[in-house]
Each structure stands twice: as C-alpha cells, then as structure tokens.
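This report is written for a reader who is meeting the structure for the first time.

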Amino acid sequence: MSKVIILDYGLGNLFSVQRALEYIGVKAIITDDKEEIKRAEKIVIPGVGAFKEGMEQLKKRGLVPLIKEAADRGKSILGICLGMQLLMAKSQEHGEWQGLNLIGGSVLQLSSGKNDNKVKVPHIGWNCLIPSQCQLARNNNYWKGTILEGIDKESFMYFVHSFGVHTDKPEHTIAETHYGGNSFCSVVQKDNIMGCQFHPERSGSKGIEILKKFVSYSFNKVRV
Amino acid sequence: MKSVRVIARLDIKGPNLVKGIQFDGYRVLGTAEEFADLYYREGADELIYQDVVASLYRRNSLLEIIRRTAKKIFIPLTVAGGIRSIENIREILRAGADKVAINTAATENPNLISEAAKVFGSQCIVSSIEAFRKKDDKYEAWVDYGRQTTNLDAIEWAKQVESLGAGEILLTSINYDGMGKGYDLELIKKVSSSVNIPVIACGGAGKKDDFSQAVKEGNADAVAAASVFHYNYATPKDKPFMSYSEARLRMGEHIDSGNIDFLNHGYGRMRAITVEPASIKEVKLSMLESGIVVRSSDSYCEVKNV
C-alpha cells in the first residue's frame, strides 16, 4: 500500500478527506512535516478558502519546493477544491496571484449570468462531470487511464466554489462542468498531477471511487 | 446545470430520531444513526441533524452521532441546535459536519455569523430561520426551537444574515412543520426573492409533489423534509428497512425520554400520520417529471476497500 498524506496548510476541513480514505482502508496522516512529505508516495492537497491565503500558507510553511519536488519525482498529487486551483499557474481571485504552476492555466470567477441563465454564486450543490472534447475524441475510451476511469459520464458530484479552473491546454481538462453560463474544468490531470473542483469525500460512493482510484493507481506513466 | 438538492432532515433527541408537529409533541421513530445511514444509501443529497433540545440546554449534544456517522456517510452534513460560539463550531466541524446552522445565538449576537464566516468561510455557516406566520400574515423569526419569539421580521432578518456573511439559509415554517399540507410557498418566495444566497425550504412537505412546488413557485434552491421520508422508511410492513427488536430499543435513559408509543406499536397502525410517505427516489422522480434537475439517486453502490 502506498503511503498517502494529507497536506495540512491550515485551511479547511481535512478530517473528512481522512475519514473517506479510512473508509477504503487507507490510513492517511494529516501533516505539514517535511520529512513525512518526502516519504509520502501520494499527496492530497485539500483546502477551502481563498487562493491568496492558500499560497501564503504553503509558502510560510516552506511547502512549495516540497510539492514541486514530489511532482517532479512522479509522485501522485491530488488537489481538491482550493487544492486543485493552487495547482494552476495563476488565479484572478481578488487580484492576480501566482499558483504552484504544476499545470498551465488560470482560475477565474464564476459569473452569475443574466435572465434565464441566472445562477447563484457560490455554486453550491450537485452537478455533472462531462467528458471534455479531448476525452470525447477518444470515443468509448474517454477517461481511460485517468483518475475518472470507471466513472460514468454525467455522474453527479458535490461542488462548493466561486471560482473555476481553465487550463491552457485542452488535453489537461479531463472533465468539465456547466453552471449557468459558466463552463469550467471540474477534473484536471497532467500525468501524476490531478485535481477535482468538487469534493470527492462528499460526493457519495462515486466520489469515494475517485479517491480509491487515486490511491491505488500508478499514474506516473499515464499520458493523457 | 443547476440542480436542486433533496435533503433529509433529522430532528434528534438523545440517540433518537424524533418528529413532531409544529415543533411540538415529538414521537420517537428509531435511532438517528440508522435513518442517517439509510438516507445516505437511498440517495439523499445532504443531511441535516437538528438537536431539538440543544437550545434549551445551551449546547449541542450530537458530537458522538456526528463522529460515528461521519465514518460511513459521504455527503454534506449540516448540524443545527445550540451552537453558540466559534469553539462550538470548530468542535462540530472536527467531528465530521460540513456546515453548522445557527439560529438562537445569532439573533442574540449577530456578530457570531460574521465572525464564524471569517474563521471558517461562508460555505460553512448556515443561518437557520424558523418563521412563524402571525395573524397579520407577517413572519416572525422564532428561536429556542419554537419556544421563544423575537420581534424580528423573518424577511428582514434573512437580508441581514446574508449581509453578515451567512452562506445559506435554512428556512423552516413553524406553522407548517409536520402538517403535511405542503410548503409555505409565500414564505419561501419572500425570502428567496430577498436574498442572493441559497435558500433551503423546510417544513410542510406532505407528499412527493409538494417538493416541485417549493422550487417552481417558491424558488427554493434546495428542499428539505422529515415526515415524508421518515414515515416511508419507518413502515415495517412491505418496506422492511427498519426492524427493531426489544433489545435494540433499550438504549438507557434516552429511550424513555420521548414518546415511544409509536415504536412500541411497531409502527403498526401508523396512527395519525399527516403525510403521504414517499421515498427519496419517488420524490426525485416526481421532481424530474416536472422538469427540475436533481442528482440521480441510483448512484449508490458498495465501495470495497482498496
């Protein structure tokens, strides 16, 4: 069994991710200890809150170089919600901020839209995962070899967010989700680096399946 | 797309799931944990645990139930009742809840909402508004689980909690609670047109078709219900979900602390039921048929260990 850690950088409820992993038989520790992080084979970056605060906390704890090193060494990294957004190059959440830049792309505010398409922001609730154009081009093989392998298209997941990810390269968007007039990347993956905008630990059995895929698969050689 | 959440609300006293009418006359229906587990498997989109006696004792006593259910239930959980401080909230979130709903303490100290939103984020902080419709058709916010009046106009209070930073409003009609005559559409419409944060409609659902009305006419973002679901799954005859033996009913002091008449009769004659019970699936199907998007609830499957 690979050693999984949940990165503690002071933001959000980390215990629900831990409990969900425990449910599938994985004992993950919540830590910001550098040695533990170096020893980890898989790293979950959870988080709820503001992008700027998230990056500042990572820097303050000296975690940024460790995450980048883990990424370079092919360790699997899963960002959840804010954790996914932090993987990107930059965010425009109340200003412009640099992210971890593990995947090219930016984080933009959701629009509440107009008239018939009007929606409430934050986007709170269940919504569908739709295979991206690149994935659909693989016909029935969509999501094969990715963290979503085995998940039905249009599966509902639980979202709570006001900002959405847009990748520079379309192939890094594995699944997208539509909300009002918004279309954003709900699952991102570049080889061993992946992220979910929704909360898999709060998305019922299908969310648990995604976590299971993350801990049990070796994504190092995967080319999407 | 925009989907509507279907939420099962569990009023809890001690370890027991209870349900009353207009916030009164609780009848014990079983253990809260078993119902919670059942609702998760049946496809509820979210759960609300309401400690019905917490405000009276000024504390929430659900920590143990939250801890135990958080190990096997992986949908959002909102906990309400007796939440008075940042420390209370931290404890409840650590135990496994995703959000807390605050009523009484917020009316006494509105800063609690803004402070809590700052510390935990607005997405964690739900304002619970329990509205009583007065003779002049105005709505007043009541506290202490329907035991105290406040003089606060419920609609104005809703606007205020939004500006304080609440992320959602759990809106319960006291007059309609447990009556099974449908939601108070006027109340829901008034509140949802006054705020921009999501409104969870609660109180009054009596049959599966009531849910669509709360969305279509009331503009609710989520619909919560208790009796409709509880009595559906509590029926032992052809829906053998719950089976209680004498031995399992004995849970110490708590079991005798409520009206267990209903349990003692094995749910048998289902006397004085004010609703037409429906399953979560039936409710969602009815909503789908009226053009409302809901998460399909056939998605549950057992997940085995890695």
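In this predicted model, the buried residues of helix H7 of chain A are covered by elements of chain A that include strand E1 (4-7), helix H1, strand E3 (42-45), strand E4 (76-80), strand E10 (156-161) and strand E14 (193-196). Eleven of the 13 residues of H7(A) are buried, so this helix is largely enclosed by the rest of the structure. The buried residues of H7(A) are A:Gly204, A:Lys206, A:Gly207, A:Ile208, A:Glu209, A:Ile210, A:Leu211, A:Lys212, A:Lys213, A:Phe214 and A:Val215. At 1.5 Å a residue, the 13 residues of H7(A) should span 18 Å, and the C-alpha atoms at the ends of H7(A) are 19 Å apart, which agrees.

**Packing of two helices in chain A**

Two packed helices are described by the angle between their axes and the distance between the axes. Helix H1 (residues 15-23) of chain A packs against helix H7 (residues 204-216) of chain A at an angle of about 75 degrees, and their axes are 10 Å apart. Because angles of 65 to 115 degrees count as roughly perpendicular, H1(A) is roughly perpendicular to H7(A). On the side of H1(A) the contact is made by A:Ala20, A:Leu21 and A:Tyr23, and on the side of H7(A) by A:Ile208, A:Leu211 and A:Val215. The residues of this contact of H1(A) with H7(A) divide into six nonpolar, no polar and no charged.

**The contact between the chains**

The contact between chain A and chain B takes 37 residues from chain A and 29 residues from chain B. On the side of chain A that touches chain B, at least two residues each are supplied by H1, E8, E10, strand E12 (173-179) and H7 of chain A. Which of these elements gives the most to that side? H7(A) does, with nine residues. The residues on the side of chain A that touches chain B divide into 17 nonpolar, 13 polar and seven charged.

**Chain B**

The secondary structure of chain B comes to 13 helices and eleven strands, and buried residues make up 54% of its 306 residues. Among contacts in chain B between residues at least 6 apart in sequence, 69% join residues at least 24 apart. Within this chain, strand E5 (residues 77-80) and strand E6 run parallel and are joined by three bridges, and B:Val79 stands opposite B:Val100 in E6(B). From strand E6 (residues 99-102) of chain B, B:Lys99 and B:Ala101 point one way and B:Val100 and B:Ile102 the other way, and all are buried.

**Local features of the backbone**

A cis peptide bond joins A:Val121 and A:Pro122, with omega about 5 degrees, and A:Pro122 is placed in the loop between strand E7 (103-109) and strand E8 (123-128) of chain A.

Definitions and conventions:
Residues are numbered from 1 along each chain as its sequence is written. Chains are lettered from A and ligands numbered from 1 in the order in which they are written. This is a predicted model: local features need pLDDT of at least 70, side-chain atom pairs count only at pLDDT 80 or more; totals for chains, interfaces and linings use all residues. Axes are lines fitted to C-alpha atoms, for helices over the stretch in contact, and angles run from 0 to 180 degrees between N-to-C directions. Helices (H or I, at least four residues) and strands (E, at least two) are DSSP runs, numbered from the N terminus. Angles under 35 degrees count as roughly parallel, over 145 as roughly antiparallel, 65 to 115 as roughly perpendicular and the rest as oblique. Two residues are in contact if their C-beta atoms, placed from the backbone, lie within 7 Å. Ala, Val, Leu, Ile, Met, Phe, Trp, Tyr, Cys and Pro count as nonpolar, Asp, Glu, Lys and Arg as charged, and the others, Gly among them, as polar. The expected span of a helix is 1.5 Å times one less than its number of residues. A residue is buried if 20 or more other C-beta atoms lie within 10 Å of its own, exposed if 12 or fewer, and partly exposed in between; C-beta atoms are placed from the backbone. Two strands pair if DSSP finds at least two bridges between them.
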